[in-house]
Amino acid sequence: MFISISTTATADRPATDLGFLLHKHPEKVQRFSTSHGVAHVFYPEATEHACTAALLLDVDPVALVRQGRGKGRSGSPDFALAQYVNDRPYAASSLLSVALRTVFRSAMKGVCEKLPGRADLPMPLRISLPAVPATGGSEGGPAMVQRLFEPLGWQVDAVAIPLDEAFPEWGESRYVRVELTGELRLAEALQQLYVLLPVLDGAKHYWVAPDEVDKLLAAGEGWLGDHPELALITRRYLARRWSLTRLAMERLALARLAEADDREAEELDNAVDDDPDTEPATDAAPGSATDTEEGNGADDARPAPAPSDDAGDGAEKPVPLAVRRREAILAALAETGAARVLDLGCGQGELVGALLKDARVTEVLGVDVSSRALSAAARKLRLDRMTERQASRVRLVQGALTYTDARLKGYDAAVLSEVIEHLDLPRLPALEYAVFGAARPTAVVVTTPNVEYNVRWESLPAGHVRHADHRFEWDRAEFRDWAERVARTYGYTVDIRPVGPIDEEVGAPTQLALFRTTTADNAPEGSVTR
């Protein structure tokens with residue numbers, strides 16, 4: 001199993017810089033032990049004008065057999081079926097990927113203390129692989145090599161190797177001779193090879209465990225998320241394990257959203273405090289709520305003010321604010337006659353579950369930036385146990401509400417329940433355009449806390465907002481001003497309503513705005529209803 005990496009000199013850098021970047025001296029032949037044999041590094045050519053480093057992996061067939069006999073992480077069904085006759089000693093595969101990571105670990109990290117800053121600069125590279133398995137039926141072969149490497153900036157020369165040159169009528173083998181030419185950072189090139197070699201092969205020589213997701217995302221940082229064959233790469237790298245593939249795709253999507261929003265992924269994925277792998281209680285009904293649950297999250301983690309002492313022991317228990325809010329939202333949606341509904345910032349799916357119980361609602365799309373929240377919602381709604389007809393009514397997708405999204409167009413209504421206050425105020429106009437301007441549902445329901453009511457929460461310190469992640473909370477006048485401005489700007493009418501027990505002095509704990517597009521049956525364009 002062989003790979004060579006070559007470079008040429010530039011005006012200000014000799015080709016032998018390659019030795020410093022790889023941390024392997026050109027004048028030495030070095031030997032490294034791996035779990036499946038011995039890796040040799042040597043330089044067929046090392047001058048100021050041109051330099052080539054070669055890695056030869058001498059695979060131990062006995063070690064392969066021993067690995068194949070094991071189970072779990074150390075076992076491989078591929079080797080169990082072909083213990084003594086296989087292509088692993090000769091064709092570049094996951095064995096070579098592991099050897100690259102073992103031998104060139106520092107180079108893959110972009111570390112070079114001898115030449116500070118050099119590892120951060122692109123360099124002319126030519127990578128040669130005499131034999132690469134490229135499986136995938138009609139989609140495999142040289143075409144697959146091109147699909148994987150060309151989007152990364154490589155010029156690809158991939159030629160199928162015949163089964164036997166003496167008998168051309170036998171056709172081509174599943175192996176391809178590959179030469180990649182381009183100008184990239186060496187660390188990036190090695191990371192791409194580490195991921196894509198086992199993707200081409202479509203198999204791994206070891207059991208794929210959950211930690212492979214971390215390896216994939218680490219090696220794919222900066223290039224994998226934007227690759228047009230992202231789904232193919234993720235699926236094949238993770239040995240077609242669906243649960244791991246979904247996890248990797250969710251984490252990649254979250255990383256892209258965080259980068260676009262100039263925030264840390266952990267900041268966005270903070271909607272669920274509990275362990276995402278914890279199963280819900282068996283007696284919890286889909287869409288159920290407790291007095292500590294928010295309609296789309298857990299913002300109101302405080303019960304409503306207790307009834308007065310003179311209410312008597314027989315007084316009914318106050319209805320949780322989360323339940324009242326959800327009832328108010330469902331009532332507003334019923335007024336609009338909406339059948340296809342967006343739940344934007346759906347959290348753990350309480351409102352989605354309530355909407356699915358309404359026979360008039362034919363489709364619900366839940367959107368949240370948090371992959372953990374979406375996973376919790378899927379479990380709480382028991383999506384995997386729904387009938388095919390019921391499952392066809394609901395989808396949960398990851399997305400940022402401050403960016404336009406074609407998936408959100410064409411719906412009758414959208415709900416933003418306790419969402420806007422989680423945005424920094426400078427980002428709010430982006431959400432307004434994405435929802436009211438680009439997606440433009442016929443109706444939009446928005447709820448948000450009334451900050452005036454906070455003085456009635458006995459457990460809330462003075463001057464504090466209701467949830468640590470709230471960036472602001474509006475009083476009634478501020479919310480009305482915002483709602484009326486949005487309505488005028490995007491051609492909606494708006495009706496402001498209180499939600500929850502009304503206090504004569506400070507109003508209700510939640511305020512709701514029902515927006516409707518202006519039509520011939522509605523108020524004139526730009527008007528505002530009271």
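Q: Which residues of β11 point the other way from A413, V415 and S417?
A: This is a predicted model, so to speak of local features takes pLDDT of at least 70, while side-chain atom pairs count only at pLDDT 80 or more and totals for chains, interfaces and linings use all residues. Residues are numbered from 1 along each chain as its sequence is written, and side-chain values use heavy atoms, leaving out hydrogens and water. A413, V415 and S417 share one direction, and on the other side of β11 sit A414 and L416.

Q: How many of the residues of strand β11 are buried?
A: Strand β11 covers residues 413-417 (strands are DSSP E runs of at least two residues, helices H or I runs of at least four, numbered from the N terminus). Buried means under 20% relative accessible area with a 1.4 Å probe, protein chains only. The strand is largely enclosed by the rest of the structure because the buried count is 5 of the 5.

Q: Which residue is the bridge partner of V415 in β12?
A: β11 pairs in the parallel sense with β12 (residues 443-449) over 5 bridges; pairing takes at least two DSSP bridges. β8 (residues 340-344) also pairs with β11 in the parallel sense, over 3 bridges, and there D343 stands opposite V415. In β12, the partner of V415 is V445.

Note on methods
Buried < 20%, exposed > 50% of the residue type's maximum accessible area, 1.4 Å probe, protein only.
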